[in-house]
Amino acid sequence: MASDLLRGHVDRLLLAVLAGGPGHGYELSRRLTARSGGALDVPEGSLYPALHRLERGGSVASAWSEEDGRRRRVYRLTAAGRREVTRSRAEWRRFSSAVDRVLG
């Protein structure tokens, strides 16, 4: 899928993936790709800045975790993030419905 179509939606996509449970960056990227049937692949250069932006905004919190001898930063939704996912889903339904009506 064209990266310009993805731009502007990475934050809400990550929030939706995090609604399924906490995860480290690579895991979240894999989930997003899997849930999109392989259509969406967020490059590392977009993934981590988006996670940091969401953390600064209070929608996501993170903590270091050690797994198989590797330290990883694990991200999870905050209460504000869960509210944002709900709001974002409703907003997306309205937007995509309007676009469908225009494009046919």
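# Notebook: helices, sheet and one hairpin

I counted the elements and found five helices and three strands in the protein. Helices (H or I, at least four residues) and strands (E, at least two) are DSSP runs, numbered from the N terminus. I note that this is a predicted model, in which local features need pLDDT of at least 70 and side-chain atom pairs count only at pLDDT 80 or more, while totals for chains, interfaces and linings use all residues. Residues are numbered from 1 along each chain as its sequence is written, and side-chain values use heavy atoms, with hydrogens and water left out.

**Overall**

I read the pattern along the sequence as α-α-β-α-α-β-β-α. The C-alpha trace spans about 50 × 30 × 20 Å along its principal axes. I looked up burial next, where buried means under 20% relative accessible area, exposed over 50% and partly exposed in between (1.4 Å probe, protein chains only). Of the 104 residues in the protein, 31% are buried. I then looked at contacts, meaning heavy atoms within 4.5 Å. Among contacts with a separation of 6 or more, 47% are between residues 24 or more positions apart.

I traced an open sheet of three strands in the order 1-3-2, with antiparallel pairing. Two strands pair if DSSP finds at least two bridges between them. The edge strands, each pairing on one side only, are strand 1 (23-24) and strand 2 (60-67). Strand 2 pairs with strand 3 (residues 70-77) in the antiparallel sense over eight bridges. Helix 4 (residues 44-56) packs on the sheet and touches strand 2 and strand 3. The direction of helix 4 makes about 55° with that of strand 3. For such values, axes are lines fitted to C-alpha atoms, for helices over the stretch in contact, and angles run from 0 to 180 degrees between N-to-C directions.

Ser 65 has Arg 72 in strand 3 as its bridge partner, and Glu 67 stands opposite Arg 70 in strand 3.

**The hairpin**

I asked which residue takes a positive phi in the hairpin of strand 2 and strand 3. The residue is Asp 68, with phi near 55°, and the hairpin has two residues between the strands. I marked this entry because most residues other than glycine have a negative phi. Asp 68 lies in the loop between the two strands and is exposed, with a relative accessible area of 77%.

**Helix 3 and its neighbours**

I began with helix 2 (residues 10-18) and helix 3 (residues 25-35), whose axes come within 10 Å and cross at roughly 95°. That makes helix 2 roughly perpendicular to helix 3. Angles under 35 degrees count as roughly parallel, over 145 as roughly antiparallel, 65 to 115 as roughly perpendicular and the rest as oblique. On the helix 2 side I listed Leu 13, Leu 14, Ala 16, Val 17 and Leu 18, which meet Leu 28, Arg 31, Leu 32 and Arg 35 in helix 3. By class, this contact has seven nonpolar, no polar and two charged residues. Ala, Val, Leu, Ile, Met, Phe, Trp, Tyr, Cys and Pro count as nonpolar, Asp, Glu, Lys and Arg as charged, and the others, Gly among them, as polar.

I turned to helix 4 on helix 3. Their axes come within 11 Å and cross at roughly 110°, which makes helix 3 roughly perpendicular to helix 4. Gly 25, Tyr 26, Leu 28 and Ser 29 in helix 3 meet Leu 47, Tyr 48 and Leu 51 in helix 4. I sorted the residues of this contact into five nonpolar, two polar and no charged.

Which residues of helix 3 are buried? I found Gly 25, Leu 28, Ser 29, Arg 31 and Leu 32. Seen down the axis of helix 3, the buried residues fall within an arc of 160°, so they line one face of the helix. The arc is that of the directions from the helix axis to the C-beta atoms. The cover over these buried residues includes helix 2, strand 1, helix 4 and strand 3. The face turned away from the buried side carries the exposed residues Tyr 26 and Ala 34. After helix 3 I noted Gly 37, whose phi is positive, near 65°.

**Helix 5**

My last entry is Arg 93, found in helix 5 (residues 79-103). At 55% relative accessibility, Arg 93 counts as exposed. I compared Arg 93 with Leu 51: they are 42 residues apart in sequence and 23 Å apart in space, C-alpha to C-alpha.
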